[in-house]
Amino acid sequence: MKTNKIMDDIRSTISPEMKLQMELSVAISNRIYDILERKGMSQKEFAHMMGKTETEVSRWLSGTHNLTLATICKISIALGEDIVRVVGGSYQPVYDIEPMVAAEP
């Protein structure tokens, strides 16, 4: 895999919390995209279903938009599938997200 020194330098300055947020945002976007693809639904159809513009849905699927929990719930209901699952125990694969627990001092 090719790397970009500038991007590598930027990534090295990102806090662990921000890195996790970015990873989860991308995982959530990928999950939505996978469901749309499996259902044969276009972004335009999805945007219409959600009462949003195609531009907004495009932002959601870019992985850079910080979706609220309320929006994730609306998407789950509209698509009829879980977007995020909160599980206990050890870390689960890409689409399962554990609750974060603050580290003890």
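Keep in mind that the model is a predicted one.

Let's start with helix H3, which spans residues 43–50, and helix H5, which spans residues 69–79. Their axes lie 11 Å apart, and the two helices pack at an angle of about 110°. Angles of 65 to 115 degrees count as roughly perpendicular, and H3 and H5 are therefore roughly perpendicular to each other. On the H3 side, the contact is made by Phe46, Met49 and Met50, while H5 brings Lys74, Ile75, Ala78 and Leu79. Of the residues in this contact, six are nonpolar, one is charged and none is polar.

Phe46 leads us on to the next stop, the aromatic rings. The model has one aromatic pair. It joins Phe46 and Trp60, whose ring centres are 6.0 Å apart and whose planes meet at 70°, so the pair is edge-to-face. Because Phe46 sits in helix H3 and Trp60 in helix H4 (residues 54–62), the pair ties together parts that are 14 residues apart in sequence. Are these two residues buried or exposed? Phe46 is buried, with a relative accessible area of 0%, and Trp60 is buried too, at 2%.

Now follow Trp60 into H4. The buried residues of this helix are Val57, Trp60 and Leu61. Looking down the axis of H4, you find them within an arc of 90°, so they line one face of the helix. The buried residues of H4 pack against helix H2 (16–39), H3 and H5. After H4 comes Gly63, which has a positive phi, near 85°.

Notes
Residues numbered from 1 in each chain as written. Predicted model: local features only at pLDDT ≥ 70, side-chain atom pairs only at ≥ 80, totals over all residues. Heavy atoms only, no water. Axes fitted to C-alpha atoms, helices over the stretch in contact; angles between N-to-C directions. Helix = DSSP H or I, 4+ residues; strand = E, 2+ residues; numbered from the N terminus. Parallel < 35°, antiparallel > 145°, perpendicular 65-115°, else oblique. Contact = heavy atoms within 4.5 Å. Nonpolar A, V, L, I, M, F, W, Y, C, P; charged D, E, K, R; others polar. Phe/Tyr/Trp six-rings, centres within 6.5 Å; stacked < 30°, edge-to-face > 60°. Buried < 20%, exposed > 50% of the residue type's maximum accessible area, 1.4 Å probe, protein only. Arc of directions from axis to C-beta.
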